[in-house]
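Reader: I'm new to this one. Could you walk me through how to read a few of its features?

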Amino acid sequence: SSRPCVYTMGSPINNRALFPCQEPPVALSTWQASVRTAEGFVVLTSGENSAEPVQLREGVSSWYYYVTMPMPASTFTIAVGCWQEVKQQSCTAAIQTSTELSVTSLQTDFRWHKEVCSHVEYPCRFQNPAAKFQAVIPYRVFAPWCFVEYCEEHLLQLVPRCLSAAYTTLGTHPFSRLDVLIVPSNFSSLGMASPHIIFLSQSVLPGGSHLCGTRLCHEIAHAWFGLAIGARDWTEEWLSEGFATYLEDVFWARVQQLSHDEVKGQQELKALLRWRRLRDEVQNSEEELQILRPQKESTGQLSESGASVVKHGLKAEKIFMQVHYLKGYFLLRSLARTIGEATYLASLQKFVHKFHGQLVLSQDFLCMLLEDIPEQKKSGLTVESIFQNWLDTSGIPKPLLKEDESWKECQLVQQVSGEVTKWIQTNQWIRKSGKRKRKQGEVVFQEV
């Protein structure tokens, strides 16, 4: 909007350039922030309250935010700019979605709610009866004025549906509210989740609801995996990104209310695209950077002085890699197919209730999962075998090598491949002939 603004990317820099803080995830703390701005600017942070400006003097306002849940310093984020709130024209859709899902989805949720929380003491939503029935937490959408109309048309309708789908899958929302902000075009990612706030790239807005919806689902999944439950050692980021990538598909299928065959088709197509991305990445990156648990048995350990080492923490190319997203996703997909999706998602709910508010290692999840399904050990599925096949080695995991050809048999994959072939042939014909126009009806493209 040609107006000044500022926003932070806490996760990659750990906020040490913003305020004095302890960097390791185990240094949890609450915080309060008071921010002064010229009038006309909006301050959004990862605070749990929806702050309103207080006028200090003419032309100067103050915004106050706080959190009561102890969090790593890297989760703090702030955005100040001339954002405009995108108003809901009618709240009917959100209310209807919330009512439809609130009772049925809690049948599994109630199985775990009597457990005592294992985290440090804070006002926990998992022990709040009202929060257990809240399918859609309060939300707001902010954007520069030039994107307000588009956000009204697409994004605003997607937020409650994606929140409901996440609630149906995992139960109680760990955080009490959500702001979604469309950030400036120099934002280097498609999205970033912090407590109570999600940054979305302008790049996800064009092209209908699909890209915007799937990215929103991915970032909402981080509320549980990455924020409410974090990795005790930064080298195990697959615990955040792998889970969010896997759950993105689960949430989005529920948002679209697809049939079983349609869900399977979409997910097979995505699996094939992700497989190709992973294959390309492992062929063009250092082997050492492809390992999801580079510290292996030393992961999470401290020296006598209390220091810990983040392996590859200074490798600049690592931040551009998706291996943690992709290998993590394929591991979780493989486990779901082996165990059965319903049983698997119930185990995820149990994991959330057991470990929310805590920092975990890979074995915490894997041990709990296999304890619930002891018969899997007979088939050779053990924590050690998962480490060996998926987390402690570079390259394509061996169990994944067998799946490549099966995706090509999917009807949706074949349909998309057919359309891609038409586009390639048409482009080649245009280049050869030098003509930009073609006769009507010469090539018929389908909308996929």
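Author: Contact means heavy atoms within 4.5 Å. Keep in mind that this is a predicted model: local features need pLDDT of at least 70, side-chain atom pairs count only at pLDDT 80 or more, and totals for chains, interfaces and linings use all residues. Residues are numbered from 1 along each chain as its sequence is written, and side-chain values use heavy atoms, with hydrogens and water left out.

Reader: Is Arg-125 buried or exposed, and which side chain of opposite charge is nearest?

Author: Buried means under 20% relative accessible area, with a 1.4 Å probe and protein chains only. A salt bridge needs a side-chain nitrogen of Lys or Arg within 4 Å of a carboxyl oxygen of Asp or Glu. Here Arg-125 is buried without a salt bridge, and the nearest side chain of opposite charge, Glu-48, lies 9.1 Å away. Its side chain does reach the backbone oxygen of His-173, at 2.7 Å.

Reader: How do I read helix 5?

Author: Helices are DSSP runs (H or I, at least four residues), numbered from the N terminus. The expected span is 1.5 Å times one less than the number of residues. Helix 5 has 23 residues, 148-170, and reaches 31 Å from first C-alpha to last, close to the expected 33 Å. Gly-171 comes after helix 5, and its phi is positive, near 95 degrees.

Reader: And what does Leu-331 touch?

Author: Leu-331 sits in helix 9, residues 323-339. Leu-331 touches Trp-238, Ile-386, Trp-390 and Leu-391, not counting residues up to four places away in sequence.

Methods:
Buried means under 20% relative accessible area, exposed over 50%, partly exposed in between (1.4 Å probe, protein chains only). Lys and Arg count as positive and Asp and Glu as negative; His and the chain ends are not counted. A polar contact is a pair of N or O atoms within 3.5 Å; within protein, one must be able to donate a hydrogen and the other to accept it, and residues adjacent in sequence count only if both atoms are side-chain atoms. Helices (H or I, at least four residues) and strands (E, at least two) are DSSP runs, numbered from the N terminus.
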